[in-house]
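I opened this notebook to record what I looked up, one entry at a time. The structure is displayed below.

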Amino acid sequence: MMRTAKIALALVATVSAQAASAQAVPSAPAPVQQGQDDGGLVVDVEGGMSAPLPILIPAMPTAQVTQTPAGSTDELGQKLAQIVNDDLRNTGLFKTSGPGANRAIGIGEVTAPNYASWSGGQALVQGYVRANGNGSLTIGCYLYDLAAQNELVRQGFVVSPGDWRRAGHKCADAIYARLTGEGGYFDSQVVYVAETGPKGRRRKQLAIMDQDGANHRFLTNGQAIVLTPRMSPRGNAIVYMSFENRQPTLYVYDMATRSNRKLVSNVSQTFAPRFSPDGRWILFSMATAGNTDIYRIGASGGEPQRLTNSPGIDTGGSYSPDGSKIVFESDRGGTQQLYVMNADGSNQHRISFGGGRYATPEWSPRGDLIAFTRTGGGAFRIGVMNPSGGGERLLTESWGDEGPSWSPNGRVLMFFRSAQGSGRPDLWAVDLTGVARKIPTPLDGSDPSWGPLRP
Amino acid sequence: MAKMTTSLLLAVALVGTAGCAKKRPPELPPAPVAEGDLGAGAGAGDTSDQYGSSALNEQFKREVMSDTVRFGLDQYDIDPEARRVLDSQAQWLAGHPATRITIEGHADERGTREYNLGLGDRRANAAKNYLAARGISATRITTISYGKERPVALGSDEAAWAQNRRAVTIVIS
């Protein structure tokens, strides 16, 4: 973790002062203010697979082949182009043609594309890899419109060799942002519960990985059941539930120090934690004498404040991105349904009215949608609705889909799918058009929580 | 309109419960003893089979009708059968006044994870309250909810789910 704290993943000023200033600002690839009105290529995120944009991504050349701790720079150029290819392909919005399917380009071509030589694509991604004297790597990232023959993206990233993959994700984020007008989400991590063992005695460990499954590592040893980890908005902490010493309660894991501390000092069972968007608060549920209510507590501790007070099970609280409201689930009306309240607990009102049950709500970081699990008729589904309860859309259906978590740009949901019989879960991602794909994990996986776009 | 929908849903839920409460679960395979599969240290220290295997708890299990009461779908009321089981537990506890127990509440796999933690807590406390009403001091009783994390029957069918909706009493000292 020391390593992560130290990385300088900075936008390089290959270009302009604008790029240089972005170095200080925690990324947030601003939903492209520049690009929307200047014509050229536009990809409609909601349109999904209907007309994926063909995009060519040849290997990134290097001016001088150099050995680095991450491998030689020419091999890295191949792998980085593949990362960009895979990130963009996995969105379903692009028909990618990667380094294996395109001719090699010369270093001089990177900034002066030979437009006439490319066919079969509407856009072209080129880049380069350079090993710097101080041990860092510089990766250039360029996007060209092949029809209009102009440059759309020009960025450079400096990374330590251990973070070389992040440069590929940053490049893909820049391209995605430019072509869709949405923020990117590829340079992000996911914390989840890795599972092994028989159904009656699952062994559960916290694990963290890049959103594409790379750089996987475990955070707990599996001695105690752990559930529902959630990453903080800055990605520097994880709040989760553990049955350590048979005293099930919430812990906060500090990414930098790799240490745990108890969040709530109370004999009652606490669970269902979630950070506030500003990271200052944590919502959680506490079961006392058979009744479960929602509380909030300072992220660094303090006295919990009770927000709900119904005889039903109130749980699964999630803040709106401005922190003013909370969506949660409650069975106070007879079955699990979604409710919204003000952040102080006032004005609690129901927003879901469909058949079956609604659970595990999570407010989109864009604010426009609430994701949930809907169960009934023998199925568990992932769906979304407006914060007012309208416009419900079910995105998945299987025997056991549960627990959606939003991508940093609010366009993709990660969830887990349990198999009937064995109960073994896998991680899946689904976009808002309903296109789902499995996320590879070394063991079974459940309870994913998608962290922020990394600075 | 909302009210109508709610009561309709309630009615459906009640019918469903009544239906499955009558079903007697067929014989199920015993829960696997799985320690060997898990490797060193796996699962240690957080579940009943660690501390529930004490001689005292074994004696308790021999001398009561059952250490387990079951619940209907989404229910946490103590039915007549559960009452007989808890009565036998209350009698044993009255005769062993120095003992302390913990009651584990569990749910089946057809609920969401967090909700099931709340539901398991309801069930454990329903059993606790019954024992307390039978004169067992509440200070001798702790509760813990495992939600759907520790099923005892491993199938994905109504018979298995009925077995897993349960509260288990364990003598811890």
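Before reading any pairing, I noted the definition: two strands pair if DSSP finds at least two bridges between them. I also noted that this is a predicted model.

Entry on strand pairing in chain B. I looked up strand E2 (residues 101-106) of chain B and found that six bridges join E2(B) to E3(B). The two strands run parallel. Within this pairing, I found B:Ile141 of E3(B) as the bridge partner of B:Ile101.

I asked how many of the seven residues of strand E3 (residues 141-147) of chain B are buried. I found that six of the seven are buried, and I recorded the strand as mostly covered. I then noted that helix H6 (residues 113-133) of chain B forms a right-handed β-α-β unit with E2(B) and E3(B).

Entry on the record. UniProt, in an unreviewed entry, places the feature "domain: OmpA-like" at residues 58-173 of chain B.

Entry on two helices of chain A. Helix H3 (residues 73-90) and helix H4 (residues 164-180) of chain A pack at an angle of about 45°, with axes 8 Å apart. H3(A) and H4(A) are therefore oblique to each other. I noted their crossing as right-handed.

Entry on a sheet in chain A. I found an open sheet of four strands in the order E20-E21-E22-E23 (chain A), with antiparallel pairing. Its edge strands are E20 (314-319) and E23 (349-350) of chain A, each pairing on one side only. E20(A) pairs with strand E21 (residues 325-330) of chain A over four bridges. Lastly, I located A:Asp314 opposite A:Ser330 in E21(A).

How values were computed:
Residues are numbered from 1 along each chain as its sequence is written. Chains are lettered from A and ligands numbered from 1 in the order in which they are written. This is a predicted model: local features need pLDDT of at least 70, side-chain atom pairs count only at pLDDT 80 or more; totals for chains, interfaces and linings use all residues. A residue is buried if 20 or more other C-beta atoms lie within 10 Å of its own, exposed if 12 or fewer, and partly exposed in between; C-beta atoms are placed from the backbone. A crossover is right-handed if, with the strands pointing away from the viewer, the path from the first strand over the helix to the second runs clockwise. UniProt positions are given in the numbering used here, feature names are shortened, and annotations may be inferred rather than shown by experiment. Axes are lines fitted to C-alpha atoms, for helices over the stretch in contact, and angles run from 0 to 180 degrees between N-to-C directions. Angles under 35 degrees count as roughly parallel, over 145 as roughly antiparallel, 65 to 115 as roughly perpendicular and the rest as oblique. A crossing is left-handed if the near helix is turned anticlockwise from the far one by less than a right angle, and right-handed if clockwise.
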